[in-house]
Amino acid sequence: MANRGGRVLVVEDDDSMRAAIESLLKAAGYATSAYASAEELIAAGRPEDARCIVSDIRLPAMSGLELIAELRERGDPLPVILITVHESPASRSEAGRRGAAAFLSRPVARGDLLAAIENAVH
């Protein structure tokens with residue numbers, strides 16, 4: 001598939017899940033960069049071609065919600081799509097309040113993730 005232009009950053013602490021998301025995105029034509037933590041992504045710096053972030057909400061140190069807050073404090077408006085297996089009305093509400101571009105529950109259907117990315121980058 002042709003490159004869709006831009007890069008999707010994947011933040012996921014589970015190695016196999018990170019690899020699966022990255023594989024799915026590459027098959028759909030996205031360039032990707034993957035990180036095991038929000039801190040790793042922040043330390044690496046934002047790639048110039050980054051279009052959005054797909055992040056687990058529960059990470060070992062800085063959560064996906066805290067990642068959004070950190071990016072906004074730095075003046076970075078990059079859309080963040082949060083994925084969780086621990087959905088609750090409170091977490092969904094907090095994600096919306098923090099400005100998440102989408103909030104998806106695991107297991108995430110391939111089409112739902114790709115649609116969320118398309119909506120976030122356009």
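1. In which strand does Ser33 lie? Ser33 belongs to strand β2. The model examined in this note is a predicted one. Ser33 has a relative accessible area of 17%, and because residues under 20% count as buried, Ser33 is classed as buried. Leaving aside residues up to four places away in sequence, Ser33 touches Arg7, Val8, Leu9, Val10, Glu22 and Pro47.

2. The next point concerns helix α1. Helix α1 comprises 13 residues, numbered 15-27. The buried residues of α1 are Arg18, Ile21, Glu22, Leu24 and Leu25. They cover an arc of only 160° around the axis, and therefore lie on the same side of α1. Asp15, Ser16 and Ala27, on the other side of the helix, are exposed.

3. What covers the buried residues of α1? The covering elements include the strands β1 (7-11), β2 (31-35) and β4 (80-84), together with helix α5 (110-121). One of the buried residues of α1 is Glu22, and Glu22 is also among the residues that Ser33 touches. Just after α1 comes Gly29, which takes a positive phi of about 95°.

4. Buried in α5 are Leu113, Leu114, Ala116, Ile117, Ala120 and Val121. Because these residues cover an arc of only 155° around the axis, they are placed on the same side of α5. Their cover includes β1, α1, β3 (50-56), β4 and β5 (102-105).

5. How do the axes of α1 and α5 cross? The two axes come within 11 Å, with a crossing angle of roughly 70°. Angles of 65 to 115 degrees count as roughly perpendicular, and α1 and α5 are therefore roughly perpendicular to each other. Their crossing is right-handed. On the α1 side, the contact involves Ile21, Leu24 and Leu25; these meet Arg110, Leu113, Leu114 and Ile117 of α5.

6. The loop between β5 and α5 deserves a separate remark. Pro107 is found in this loop. The peptide bond joining Arg106 and Pro107 is cis, with omega at about -5°.

7. A second pair of helices consists of α3 (residues 64-73) and α4 (residues 89-98). Their axes come within 10 Å and cross at roughly 10°. Because angles under 35 degrees count as roughly parallel, α3 is roughly parallel to α4. Leu65, Glu66, Ile68 and Ala69 are the residues of α3 that meet Glu94, Ala95 and Arg98 of α4.

8. The last point turns to the segment before β1, where Gly5 is found. Is Gly5 buried, partly exposed or exposed? Its relative accessibility is 28%, so Gly5 counts as partly exposed. Gly5 and Arg51 are 46 residues apart in sequence, whereas their C-alpha atoms are 8.5 Å apart in space.

Key: Residues are numbered from 1 along each chain as its sequence is written. This is a predicted model: local features need pLDDT of at least 70, side-chain atom pairs count only at pLDDT 80 or more; totals for chains, interfaces and linings use all residues. Side-chain values use heavy atoms; hydrogens and water are left out. Helices (H or I, at least four residues) and strands (E, at least two) are DSSP runs, numbered from the N terminus. The expected span of a helix is 1.5 Å times one less than its number of residues. Buried means under 20% relative accessible area, exposed over 50%, partly exposed in between (1.4 Å probe, protein chains only). The arc is that of the directions from the helix axis to the C-beta atoms. Contact means heavy atoms within 4.5 Å. Axes are lines fitted to C-alpha atoms, for helices over the stretch in contact, and angles run from 0 to 180 degrees between N-to-C directions. Angles under 35 degrees count as roughly parallel, over 145 as roughly antiparallel, 65 to 115 as roughly perpendicular and the rest as oblique. A crossing is left-handed if the near helix is turned anticlockwise from the far one by less than a right angle, and right-handed if clockwise.
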